[in-house]
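Subject: Structure for you to look at

Hi there,

Here is the structure I promised to pass on. Have a look at it first, and then read on for what I found.

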Amino acid sequence: MLGGVKPLIVIDVDGPLNPFAANPKPDNYRPFDLEVGWRRRLRIWLDPDHGDQLRQLAEETGAELAWATTWLHRANTEIGPRLGLPPLKVIEFHDETGWKYPAVARYAYERPLVWFDDDFGLHSARREEFVHKRQHLTTALVHVDPGTGISAQHLSEAREAFGGNP
Ligand SMILES: [Mg+2]
């Protein structure tokens, strides 16, 4: 842990954990059919190893894992258990103009941050503002292609970010 401050790792579901755009899905992903409404099912793809990989990253860096996803609390009931992740803080975002940026900024506050998402390109002005306000802090926005999901490369990017400049 860095000077008593617990770093934060923020995870999005669709894109980083569920590579919806991959065709075909890489071998390590398994399909899961989830109920998403009255007689509606949604197929998602998850890599069961992602749970261990993220927990290990958090343990090594002394960081907290948290969700920032449109799945909101369903990330803890539908996604986490399938990856072997414990219930995590859900960062709720309601600011439509700012996407997830304002809510993540509030929750991360003065902590070093690594954030896995596939949509950083949305609301580029808010993104610049977010990064600018955190320029004195480690802020790694790790873009994950929804065609690949989180890879070893993304995880080492996260390790470097926390290791390099707390
Ligand atoms: Mg996404």
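Predicted model: local features only at pLDDT ≥ 70, side-chain atom pairs only at ≥ 80, totals over all residues.

Is N18 buried or exposed? Its relative accessibility is 5%, and buried means under 20%, so N18 counts as buried. Leaving aside residues up to four places away in sequence, N18 touches V13, I44, W45 and L46.

Five strands make up an open sheet, in the order 5-4-1-6-7, and the pairing is parallel. Strand 5 (89–90) and strand 7 (139–143) are at the edges with a single partner strand each, so one side of each has no neighbour in the sheet. Strand 7 pairs with strand 6 (residues 113–117) in the parallel sense, over 5 bridges.

Helix 3 (residues 101–108) lies across strand 1 (8–11), strand 4 (64–67), strand 5 and strand 6. Relative to strand 6, helix 3 runs at about 150°.

**The magnesium site**

Which residues are the protein donors of the magnesium ion? They are D12 (OD), D14 (O) and D118 (OD), and they lie 2.1 to 2.2 Å from the ion. Along the sequence, these donor residues follow the spacing D-x1-D-x103-D. D12 has 5% relative accessibility and so counts as buried, whereas D14, at 23%, counts as partly exposed.

In soluble globular proteins, nonpolar side chains tend to be buried together. In this model the largest nonpolar core has 30 residues, and I9, L17, W67, I79 and F116 are those with the most contacts inside it. The elements giving two or more residues to this core include strand 3 (40–46), helix 1 (49–61), helix 2 (74–83) and helix 5 (152–164). Helix 5 provides the largest share of the core, 4 residues. Another core, of 16 residues, lies apart from this one, and V10, I91, A103 and L141 are among its members.

Best wishes

Technical notes: Residues numbered from 1 in each chain as written. Heavy atoms only, no water. Pairing = 2+ DSSP bridges. Contact = heavy atoms within 4.5 Å. Axes fitted to C-alpha atoms, helices over the stretch in contact; angles between N-to-C directions. Donors = N, O, S within 2.8 Å, 3.2 Å for Na, K, Ca; no water. Buried < 20%, exposed > 50% of the residue type's maximum accessible area, 1.4 Å probe, protein only. Core = buried A, V, L, I, M, F, W, Y, C linked by side-chain atoms within 4.5 Å.
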